[in-house]
Amino acid sequence: MSLKKSILVIILVLLIDQISKIYIKTSFTLHEEVPVFSWFRIVFVENKGMAWGFELPGNYGKLVLTLFRLVAITGIGYWLYDSVKKNSSRILTFCISLIFAGAFGNILDSIFYGIFFSASTDVQIAEFLPESGGYESVFYGKVVDMIQFTFYDDILPDWIPFLGGKHFSFFDPVFNIADSAISIGVFLLLVFNKRAFPKKEEIAEVLD
């Protein structure tokens, strides 16, 4: 996969990610939700931390995480450049492109959203470039999440040992397009590991 195609994938993911986040941020109050199907909801939440809503405690935790992301995405960017330069497999460069785009998408939230938007609350929709300034300083923005797939949210049957008759919900995390791109990229690398990282003998056979 060429560098131009990799950049195209990255731009496409970033556009979808940022457009969806900006729309949610400027249209929903915090924790507002819209049911789409019984198992799929649009829910506006924000988090200070990692993908899928996980956080590091304290303000310094947020700063450390943002700086770590910057270092990590530099490494991922070099990995992508090196893979394209070495004419690596298409699946590898495609997956790295997804991971890079996802990581970059969440970095944009962390760096800029705090200065570009006012705070979102349960009663107030955020404004873009408010006159009074943003809700936080640079590097301290919160990541916007909005997608939730709860595949099961009900009382478990009585015949299930220990858990029967109790309420159970499966897959509660709220995430975003950037998180999805990272997860899909990693998943494809695991599934197509042999194609993504062919042995030298297999590369030689292809070249022959």
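Biologist: Which residues of α4 are buried?
Modeller: Ala178, Asp179, Ser180, Ala181, Gly185, Leu188 and Leu189. Buried means under 20% relative accessible area, exposed over 50%, and partly exposed in between, with a 1.4 Å probe and protein chains only. Keep in mind that this is a predicted model: local features need pLDDT of at least 70, side-chain atom pairs count only at pLDDT 80 or more, and totals for chains, interfaces and linings use all residues. Residues are numbered from 1 along each chain as its sequence is written, and side-chain values use heavy atoms, with hydrogens and water left out.

Biologist: What span should α4 have, and what are its ends doing?
Modeller: Helix α4 covers residues 177–191, 15 residues, so at 1.5 Å a residue it should span 21 Å. The expected span is 1.5 Å times one less than the number of residues. Its end C-alpha atoms are 21 Å apart, which agrees. Helices (H or I, at least four residues) and strands (E, at least two) are DSSP runs, numbered from the N terminus.

Biologist: What sits at the start of α4?
Modeller: Asn176. One of its side-chain oxygens comes to within 3.0 Å of the backbone nitrogen of Ala178.

Biologist: How does α4 pack on α3?
Modeller: The angle is about 155 degrees and the axes are 7 Å apart. Axes are lines fitted to C-alpha atoms, for helices over the stretch in contact, and angles run from 0 to 180 degrees between N-to-C directions. The two helices are therefore roughly antiparallel. That label needs an angle over 145 degrees; under 35 is roughly parallel, 65 to 115 roughly perpendicular, and the rest oblique.

Biologist: Which residues make the contact?
Modeller: From α3, they include Ile91, Phe94, Cys95, Leu98 and Gly102. From α4, they include Ala178, Ala181, Ile182, Gly185 and Leu189. Contact means heavy atoms within 4.5 Å.

Biologist: New topic. Ser120: where is it, and is it buried or exposed?
Modeller: Ser120 lies in the loop between α3 and β3. Its relative accessibility is 9%, so it counts as buried. Its side chain joins that of Lys25 in a polar contact of 2.9 Å. A polar contact is a pair of N or O atoms within 3.5 Å; within protein, one must be able to donate a hydrogen and the other to accept it, and residues adjacent in sequence count only if both atoms are side-chain atoms.

Biologist: What else does Ser120 touch?
Modeller: Leaving out neighbours within four places in sequence, its contacts include Leu30, Phe44, Glu46 and Ala126.

Biologist: And Ile125, what does that touch?
Modeller: Lys25, Thr26, Ser27, Phe28 and Thr29, not counting residues up to four places away. Ile125 is in the loop between α3 (90–116) and β3 (143–149). Its C-alpha is 6.0 Å from that of Thr26, 99 residues apart along the chain. At 32% relative accessibility, Ile125 counts as partly exposed.

Biologist: What is phi at Leu129 and at Phe139?
Modeller: Leu129 has phi near 50 degrees, and Phe139 has phi near 80 degrees. Both values are positive in a residue other than glycine. Most residues other than glycine have a negative phi. Leu129 is exposed at 53%, while Phe139 is partly exposed at 26%.

Biologist: Last one: how many helices and strands in the chain?
Modeller: Six helices and five strands. The order from the N terminus is α-β-β-α-α-β-β-β-α-α-α. Of the 208 residues, 39% count as buried.
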